[in-house]
Amino acid sequence: MNMKIAVTGDLHYPELHEAIEFIRKDHREFFETFIGRFFSIPANLYVSIGDLTNIGSAEELNDVYALLRKYDKRFMHVLGNHDMYSLTRNEVLAITEQDRSYVISTEQAVLAFIDTAREKDFKDWGGTLDVQQLSWLETVIEQSGERPLILFAHHPPNGTTARSEKDKRCIHPDIPIWDVLSKKKGIGLYVNGHNHCNSIVQKGQWTFLQLAAVLDEQAVRTIEVTDSEIIIDFVDVSDPLLKAKAQIIGNSIPYFLLNRNFAGTERDVRHVIPLVPTAVAE
């Protein structure tokens, strides 16, 4: 039986303070519509790649989770830097009712979710991993064996997807995440957001998939695991009215800039990863 995952990029759901009260109608209609279309895509699991909220306030987190929970779908949310600007990690996790790191192990594949966000740090929005997370990830990789591993994190490793070579656009290059990733036997897929542009890059046994921000591009990425391949596809859920509302919101909220160069090429949104079966000794 195939497994299908629907993934959304950085949503940046903002609270409505007085200065942007004028976008209230566009705000409500845009996020209700996008979230409804996201969950309308048939999938076994739905994932936010982080920056689900704009400043990570209790109001933002509670409001967006109230929308998400209406659909009663299996939903996972890795923490992004914007999700961690206002509250402590424990406070955020209490609202989301999720763990900091999480693993789902099936016969087809192993899914791992890690936290690369710094806590309440407006000056450094780059990614990090502490010793505990690196050790946990190393154990997950070892236990995944030859099964495909799909890893979800907000920040990309340095020098992988588009813009990840830039300062604060990746997990800090001094953190030895590649030393850990390179221990994977078989196929790995690393899925991230943060840099607000589509990008697919292959490096060694790993494919790196990066998603554009939702206010730039109203689209969902699907990842389908079959017996022979992992199929990465692109689902456009936009229309002219939704796009117009996204532009109004993106031009109005703080700590966010619309990106004109988000799209990439066809190779940055669709990809097939062959799963080579383990050789049987004669």
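Student: What percentage of the 282 residues of the protein counts as buried?
Tutor: Buried residues make up 54% of the 282, where buried means under 20% relative accessible area with a 1.4 Å probe, protein chains only. This is a predicted model, in which local features need pLDDT of at least 70 and side-chain atom pairs count only at pLDDT 80 or more, while totals for chains, interfaces and linings use all residues. Residues are numbered from 1 along each chain as its sequence is written, and side-chain values use heavy atoms, with hydrogens and water left out.

Student: How many helices and strands are there?
Tutor: The protein has 6 helices and 12 strands; these are DSSP runs (helices H or I, at least four residues; strands E, at least two), numbered from the N terminus.

Student: Now H4. Which of its residues are buried?
Tutor: They are Gln 133, Leu 134, Leu 137, Val 140, Ile 141 and Ser 144. Down the axis of H4 they fall within an arc of 125 degrees, taken from the directions from the helix axis to the C-beta atoms, so they line one face of the helix.

Student: What do they pack against?
Tutor: Strands E4 (102-105), E5 (110-113) and E6 (149-152), and helix H5 (177-181); contact means heavy atoms within 4.5 Å.

Student: Which exposed residues does the face turned away carry?
Tutor: Val 131, Gln 132, Glu 142 and Gln 143, exposed being over 50% relative accessible area.

Student: And what is found just after H4?
Tutor: Gly 145 is there, with a positive phi of about 60 degrees.
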